[in-house]
Amino acid sequence: MTKDGGKQDRKAQQYGVTPQSVDFNDWYNEVVKKADLADNSPVAGAMVVRPYGSALWENIQRWLDDKFKATGHESLIFPTLIPMGFITKEADHVEGFAPELFTVNKIGTEVLAEPYVMRPTSETIIGHMWSGWLNSYRDLPFLHYQWGSVFRAELRTKAFLRTSEFFWHEGHTAHADESEARGEVRQMLDIYHEFCRDVLALPVVRGEKTASERFAGAVATYSIEGMMRDGKALQSGTSHYLGQNFSKAFDVKFQTREQREEFAHTTSWAISSRIIGAIIMTHGDDFGLIMPPRIAPIQVVVIPVGRKDNFDQMVEEGEKLAAELRAQGLKVKVDKRDGVTNGFKYNDWELKGVPVRIELGPRDLESGVVVVKNRNGDDKETLPRAEAVTGMAARLDGIHDWLLERATSFMLENTVTVDTYEEFKAAIEAGKWVRAFHCGDPESERQIKEDTKATARNVPLDDAEFFNEAEEGVCVHTGRPAAYGKRVIFGRQY
């Protein structure tokens, strides 16, 4: 073992986190708990999100909420309970969600004539209300969204990724024609892509889902797919064109300019709290989280370094430094904990993934310098205090760029192009994404999943950032002509 390798192993042992290469699943679960993001709850399959995780979710909400409002969308609030009869009105919808529904049969001791379900999604109840609100083409478009919890039964739960209750926004819009509705679907997909790339430093592939992977009741589903550090895919956001399916089920119709009666074209779209799982699994390393700077609850942590006789003074100086950084709009924490070793503090904040750490001791104060360490590097820098402050925003941008470049390189290096089913199976078994031609037959997709546990992630859009080349070929599984004019991305998923 190399000298550096031994140092890394000892450092990992100090953190008490299982290395990713040993057991990625254990690493993930330990990081979620030890970084104070979430904890188990007494409710089976549900999690308790702790303040640090809640602050991260609040930052995610804030950015997206501002973007939704800037594009003309209005928020509203719907009940958590939905009449069972609403769910059954759209046949594909009920078939898709039936195994996941939480049902309420009683209120107190009274048995309900019609049960409620805890909302798995709100297309049905929103369609019901829209039918009473919509009269004329002048009322359209409806551009609505809400933040809240949804409930879907999960047999194997994993914090943020798959829980029986999780958090999201759900956008719902209604339009006079198909073209406008499809434009809305694409607009929201592109907003999600921008958010992932420019805020979370996550490279994602924009594309259309195959028929067997569509949202229940949709005409077309589009997704953004990210690759985690173990090679698995995570569907990180979706946008659906629902056509007139839900409008016809719930009588959402309007008078056109020509005085004809038509059903509205509707959409829905969402990013959920599983995006936190994407942040953890795309950027984390053997020592814990690495928070993308632009969304981090704490961007800079200041650690006063002193003895008992001067610790209070160093805390005071740390607060002054933090105030200078906050004046630049940065989120800064001063670690004032007494009776805790500096080494413990360093490890604790590295585990939590804070992008930049500043150490400030008596000698630093006398010399007018501070010690700065980036979470994504091993080396410390001693810098003039003023330089450290004025250069902090650029430093954080550099960390963002480094994270995005690293994640992009990892995704590209671990995606392979194959032309035979044997190559396909070998690549999937090796933990890769696969680009392959497919005939579009849902039964073939089912057999591939049964053989390899891999699913079609999406068919990249023509202007997608990655893997968008137009090609013709034959299906890797059936040998029939390929259906999409390009290769489909397959991979195992969370």
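The legends below describe close-up views of a predicted model.

**View 1. The three domains of the predicted model.** The protein is divided into domain 1, covering residues 20-283, domain 2, covering 300-396, and domain 3, covering 415-492. Between the C-alpha centres of domain 1 and domain 2 there is a separation of 40 Å, and the contact takes 5 residues from domain 1 and 4 residues from domain 2.

**View 2. The largest nonpolar core.** This core has 59 residues, and those with the most contacts inside it are Leu37, Ile60, Phe160, Leu200, Ile275 and Ile280. At least two of its residues come from each of several elements, including helix H2 (24-34), helix H3 (51-70), helix H7 (178-198), helix H9 (274-283) and helix H11 (342-351), and strands are also represented, among them strand E10 (220-227), strand E11 (233-243) and strand E15 (300-304). Helix H7 gives the most to this core, with 8 residues. The core draws at least three residues from each of domain 1 (20-283) and domain 2 (300-396). Apart from this core lies another, of 25 residues, among them Phe142, Ala216, Phe246 and Phe250. As a general background to such views, nonpolar side chains in soluble globular proteins tend to be buried together.

**View 3. The surroundings of Leu37.** Leu37 is among the residues with the most contacts inside the largest nonpolar core. When its neighbours within four places in sequence are left aside, Leu37 is in contact with Val32, Val48, Val49, Arg50, Tyr52, Gly53, Phe160, Ile280, Leu289 and Met291. Two of these partners, Phe160 and Ile280, are themselves listed among the residues with the most contacts inside the core.

**View 4. Leu64 in helix H3.** Leu64 is found in helix H3, and it counts as buried because its relative accessibility is 0%. Leaving aside its neighbours within four places in sequence, Leu64 is in contact with Trp147, His169, Tyr192 and Phe195. The C-alpha atom of Leu64 is separated by 12 Å from that of Ser75, a residue that stands 11 residues apart from it along the chain.

**View 5. The second largest pocket.** About 250 Å³ of space lies in this pocket. It is lined by 17 residues, of which Asn29, Asp39, Asn40, Lys158 and Ala159 are the closest to its centre. The elements that give two or more residues to this lining are helix H2 and strand E1 (38-40), and the largest share, 4 residues, comes from helix H2. By class, the lining of the second largest pocket has 8 nonpolar, 6 polar and 3 charged residues.

**View 6. The largest cavity.** A search of the whole structure finds 3 cavities of 30 Å³ or more, and the largest cavity has a volume of about 60 Å³. Its lining consists of Glu123, Ile126, Gly127, Trp130, His172, Leu242, Phe246, Val252, Thr266 and Thr267. Helix H6 (123-133) and strand E14 (265-270) each supply at least two residues of this lining, with helix H6 giving the most, 4 residues. Sorted by class, the lining of the largest cavity has 5 nonpolar, 4 polar and 1 charged residues.

**View 7. The second largest cavity.** The volume of this cavity is about 50 Å³, and its lining is made up of Val301, Trp349, Glu350, Val354, Arg357, Lys373, Asn374 and Arg375. Helix H11 and strand E18 (369-374) each supply at least two residues of this lining. By class, the residues that line the second largest cavity divide into 3 nonpolar, 1 polar and 4 charged.

View 8. A cis peptide bond, with omega of about 0°, joins Leu140 and Pro141, and Pro141 lies in the loop between helix H6 and strand E7 (142-151). Asp36 has a positive phi, near 65°, in a residue other than glycine, and its place is in the loop between helix H2 and strand E1. With a relative accessible area of 24%, Asp36 is partly exposed. Ala201 also has a positive phi, of about 60°, although it is not a glycine, and its place is in the loop between helix H7 and strand E9 (205-208). Ala201 counts as buried, because its relative accessibility is 0%.

Notes:
Residues are numbered from 1 along each chain as its sequence is written. This is a predicted model: local features need pLDDT of at least 70, side-chain atom pairs count only at pLDDT 80 or more; totals for chains, interfaces and linings use all residues. Side-chain values use heavy atoms; hydrogens and water are left out. A nonpolar core is a set of buried Ala, Val, Leu, Ile, Met, Phe, Trp, Tyr and Cys residues joined through side-chain atoms within 4.5 Å. Buried means under 20% relative accessible area, exposed over 50%, partly exposed in between (1.4 Å probe, protein chains only). Domain bounds come from an automatic or database domain assignment. Contact means heavy atoms within 4.5 Å. On a 1 Å grid over the protein atoms alone, a cavity is a set of points where a 1.4 Å probe fits but cannot get out, and a pocket is an open set with protein on both sides within 12 Å along at least five of seven lines; lining residues have an atom within 4 Å of a point. Grid points are joined across faces, edges and corners, and a volume is the space filled by probe spheres set on the points. Ala, Val, Leu, Ile, Met, Phe, Trp, Tyr, Cys and Pro count as nonpolar, Asp, Glu, Lys and Arg as charged, and the others, Gly among them, as polar.
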